[in-house]
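Have the structure open beside you as you read.

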2 protein chains.
Amino acid sequence: MVAEMKMNVPGPRISRARFSHIYLTLRSRICLLDYPPGQRLREEDLAAEFHTSRTPVRRVLARLEDEGLLRSVHGVGTIVTDIHIDELQQVYQLRVEIAELIGKLHPVHPGREEMDVYKKLLSRCEALMEKPDAREFARLNMEFFHLLMRLTGNEPLKAISERLYYQTNRIWLKTASELAQYDDVLLNEISVFQREMTDIVAAIECGDLHVVGHIRRAHIAMSFARLYAAAHPPEEAAGKDIV
Amino acid sequence: MVAEMKMNVPGPRISRARFSHIYLTLRSRICLLDYPPGQRLREEDLAAEFHTSRTPVRRVLARLEDEGLLRSVHGVGTIVTDIHIDELQQVYQLRVEIAELIGKLHPVHPGREEMDVYKKLLSRCEALMEKPDAREFARLNMEFFHLLMRLTGNEPLKAISERLYYQTNRIWLKTASELAQYDDVLLNEISVFQREMTDIVAAIECGDLHVVGHIRRAHIAMSFARLYAAAHPPEEAAGKDIV
DNA sequence: GCCCATGCTGTTGTATACAACAGGCCATTC
DNA sequence: GAATGGCCTGTTGTATACAACAGCATGGGC
């Protein structure tokens, strides 16, 4: 009820809504590589696009910089940060540990209509197997993540998990786009993802949210291992050398 | 050499240093209750105090608002958030889980001079037993926390732990200041803290940083339990009712 | 006497002009 | 011809004027 009372506040609402809109839009563009690493963003361009001035835009950019997605340099520009799997190892290690807390802290069992959303994502994933598309895969991954976050009622946990997720989720698209065996890798990744979703949905239907955490943990760890292996070819000549 | 060239960059350095200074100062004031919950901060006053304009101050306030320490309301003011133990339960639950990760992820064993700092804090704690002082206790607690953070090399873990710590660490000072048996509670709390520090120092000297995490976890959980009990008297009439 | 409307005051949010800064271009010089 | 110095452009950081907003007091109407 307290939350609903806040909905009545009209003044700050439009301000916060605009901030949220710009923030989510830019974050999405960064994570889908619409703004690839190294891209320079001009504050005035963004201000014009969102029909506002630089001031609100700078608020958003400052937050994205806090989260490690941007870097503003005086006199140069605001640049999308580059990422490398080596620098993300710590984030992945933390994500692995925290993944288990979903389903452990304040577990929330989804209702029927929420399960339908899972089913819908699963069918979209099957369709993706027929017609692979990296961007759609990335979107699916993000939507699935946000759905998983609804399994816990612990708000700080949600916020932290989301922050860490968005610090790492670009790396897959970036690595994939640099790889030679693009289609093979993509198809394999989709297949793995499909299995993860299937397993997690099964675990939820069993009512055991702890298991969801374990599955998730395993998949995050394996995902990192695959990315790490792709960036560090095992001694002998690999398919393609990055760097 | 490349790193040293960046040391010559004067421009952004002073900007970031100023931001950091204002941020740390305000956060400290909030957490030491120099700015008690409900206090209204005027952006112009802060700007004058730090010899700058509202713009940089607003950057800091925005971040403190993100972290839940402030709340800006258009047309009203920027207000220090009020806190209640019930609303912090989720944060505490998360802190309990995350505490164990210190010493587990990328453990860093302190050197001799760092151990001396621990010893120095311990002696300050002993002195505090003789002459209890809530504010000095809070400071000691904060310094000890920051020292503990040096036990891990995982930077994201540090950042998250710090964020969660500062979301909760005011509640003790606030609860204590509202309590009747002020001195007794304070002395007991110092005593408990002294035991925690002693145990943790012993664990570090044994070289087992995992144990440090377990000790820390136990103490955070117990600290929450004591605060919760103080706010929710066990049915029958207690010493004093809050609310 | 009470109630409502309206203006007043003080605050945060926004827009914008200006300062500080980095990088590249070009002319000048050795 | 190459190197170096200064200028020039474009960008982010800062300061400040103005708009939007909430709360309160005050006065008029009933």
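## Holding the phosphates

Keep in mind that this is a predicted model.

The side chain of A:Thr52 places an N or O atom 2.6 Å from a phosphate oxygen of DNA strand C.

## The wider surface

How many residues surround DNA strand C? There are 25, and A:Thr52, A:Ser53, A:Thr55, B:Arg42 and B:Arg58 are the closest. Of the DNA strand C atoms that come within 4 Å of the protein, 66% belong to sugar and phosphate.

What kinds of residues make up this surface? Twelve are polar, seven are nonpolar and six are charged. Several elements each supply at least two of the residues, among them helix 2 (11-31) of chain A and strand 1 (40-41) of chain B.

## Strands of chain B

Now follow B:Leu41 into its strand: its bridge partner is B:Thr78 in strand 3 of chain B. Strand 1 and strand 3 of chain B pair in the antiparallel sense, with two bridges.

Strand 3 of chain B also pairs with strand 2 of chain B, again antiparallel, over four bridges. Here B:Val73 stands opposite B:Gly77. Three residues lie between the strands of this hairpin, and B:Gly75 has a positive phi near 85°.

Methods: Residues are numbered from 1 along each chain as its sequence is written. Chains are lettered from A and ligands numbered from 1 in the order in which they are written. This is a predicted model: local features need pLDDT of at least 70, side-chain atom pairs count only at pLDDT 80 or more; totals for chains, interfaces and linings use all residues. Side-chain values use heavy atoms; hydrogens and water are left out. A residue is near a molecule or strand if one of its heavy atoms lies within 4 Å of it. A polar contact is a pair of N or O atoms within 3.5 Å; within protein, one must be able to donate a hydrogen and the other to accept it, and residues adjacent in sequence count only if both atoms are side-chain atoms. Ala, Val, Leu, Ile, Met, Phe, Trp, Tyr, Cys and Pro count as nonpolar, Asp, Glu, Lys and Arg as charged, and the others, Gly among them, as polar. Two strands pair if DSSP finds at least two bridges between them.
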